[in-house]
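Please study the structure before reading each solution.

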Amino acid sequence: MSELVNIQSNCVTKPLQGKIRIPGDKSISHRSIIFGSIAEGVTRVSGFLNGEDCLATARAFRDMGVQIAETGPNQLEIQGVGMHGLRAPEQTMDVGNSGTSIRLLSGLLAGQNFSSSLSGDVSLNKRPMSRIINPLCLMGADIAGTETNTAPLTIAAGNKLTGIDYELPMASAQVKSAVLLAGMYASGSTSVTEPAVTRDHTERMLASFGYEIETAESTFTLNGGGRLLATEIDVPADISSAAFLMVAASIVPGSDVLLEHVGVNPTRTGVLDILKLMGADISLENPRLVGAEPVADIRVKSATLTGVDVPPALVPLAIDEFPVIFIAAACANGRTRLTEAGELRVKESDRLQVMSDGLNTCGIESKTTPDGIVIEGGKISGGRVNSSHDHRIAMAFAVAGLQSAEAITIEDCANVTTSFPGFVGLVNQLGFELESSTS
Ligand code: S3P
């Protein structure tokens, strides 16, 4: 990802139309590698997201001796090594931009009998790691980061872990999953209580691999010392990637787009609820259960959007989709207010500040608050913004360009491959007019 790629998003005059299957869910793809690797037997994965983040997780497990073969487009076969079969990696495992890789792997590595180190790119190495270091150290792990508790992280070998009852200080599925992964290697039981509902792919996938996990309201409990049995995983399309198309089809008059086989796990569908509150015309067709995950085809037609006060309960259920929800707000009539969303400041970029600055550059009035943003709907004028090392900022402004008076140029966009490989080609098929150039 060293080449600088810029995307120019040109205003479209024709409706967006067609049906597409967008790439696989990032969270589920990561977990398929993690659990498949430490299961007994061969796990087959279809619909795998070949994005940079998930490839970083695959690379880390290959570094630890797991054989992962590509058996077809987006298909993997993972030769599980069992709970205690991972080998010491020879060097620091570099997981690039991927917060999910570094946080979930830290939990898993805390329980191994070899030492390891994890690092990432400039964006990841600035993100807070005390949120996983603290609970894992409470369990007996020995993890050291930098003075400011950021990566690189070094995880010592062979520390005996003991189960804990942990109340998450923030709504984070990554922290919940890290503690549960460590709990599988701990003596006794480990439970995690979350302050608000967060994505539950870890809990669902543990059950699919036959590892018992108990759920009582907002508390998840498992016992250490169990085993995982290989399974088959069909990864649905990522609702977080689908969100870009949902907003795009909503704001371009006359559009009608069908997004096929999208994951609609209720812990992820906040974006549907928020866009519907704004007046979006979105319907779920053919809802079904695929393995452990609910899936549907999502039809989106253009609609007139109105600004809303985003209900705080929906924030963790739409946490990755806010950059493009802010674009919907920019195109809506009236004011949109978001509160209780301070977590957006510690994503791949400070998504409140970076989006607000970018919107202002493009002629939209917007102000941040300590934990949110206020956006006045208006006419997007166009301009030049930088992705700030953040794939979702890049794609959000590509959507903004659809309805701007002049083109929007987004600098430094190679990072879209983090979560949405093939973004430019795929969305152009629906009627976007994106041009990418390298410099
Ligand atoms: C993820 C959890 C979320 C989300 C991230 C993926 C996961 O992070 O933003 O893109 O797969 O568990 P937090 O746990 O920091 O909210």
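Predicted model: local features only at pLDDT ≥ 70, side-chain atom pairs only at ≥ 80, totals over all residues.

**Exercise 1.** Determine where in the chain the partners Arg 44 and Glu 77 lie, and how accessible each one is.

*Solution.* Step 1: the side chains of Arg 44 and Glu 77 form a salt bridge, with an N to O distance of 3.2 Å. Step 2: Arg 44 belongs to strand β3 (residues 40–46) and Glu 77 to strand β5 (residues 75–81), so that distant parts of the chain, 33 residues apart, are linked. Step 3: Arg 44 has a relative accessible area of 38% and is partly exposed. Glu 77, at 22%, is also partly exposed, because buried means under 20%.

**Exercise 2.** Decide whether Asp 238 and Arg 268 are buried or exposed.

*Solution.* Step 1: a salt bridge of 2.9 Å, N to O, joins the side chains of Asp 238 and Arg 268. Step 2: Asp 238 is in the loop between β14 (232–234) and α7 (239–251), whereas Arg 268 is in the loop between β15 (256–263) and α8 (270–277); the two are 30 residues apart. Step 3: both Asp 238 and Arg 268 are buried.

**Exercise 3.** Explain which parts of the chain the pair Arg 335 and Glu 376 ties together.

*Solution.* Step 1: the side chains of Arg 335 and Glu 376 meet in a salt bridge of 2.7 Å, N to O. Step 2: Arg 335 lies in strand β18 (residues 335–338) and Glu 376 in strand β20 (residues 372–376), so the pair ties together parts 41 residues apart in sequence. Step 3: Arg 335 is partly exposed at 41% relative accessible area, and Glu 376 is partly exposed at 22%.

Note on methods:
Residues numbered from 1 in each chain as written. Heavy atoms only, no water. Salt bridge = Lys/Arg side-chain N within 4 Å of Asp/Glu carboxyl O. Helix = DSSP H or I, 4+ residues; strand = E, 2+ residues; numbered from the N terminus. Buried < 20%, exposed > 50% of the residue type's maximum accessible area, 1.4 Å probe, protein only.
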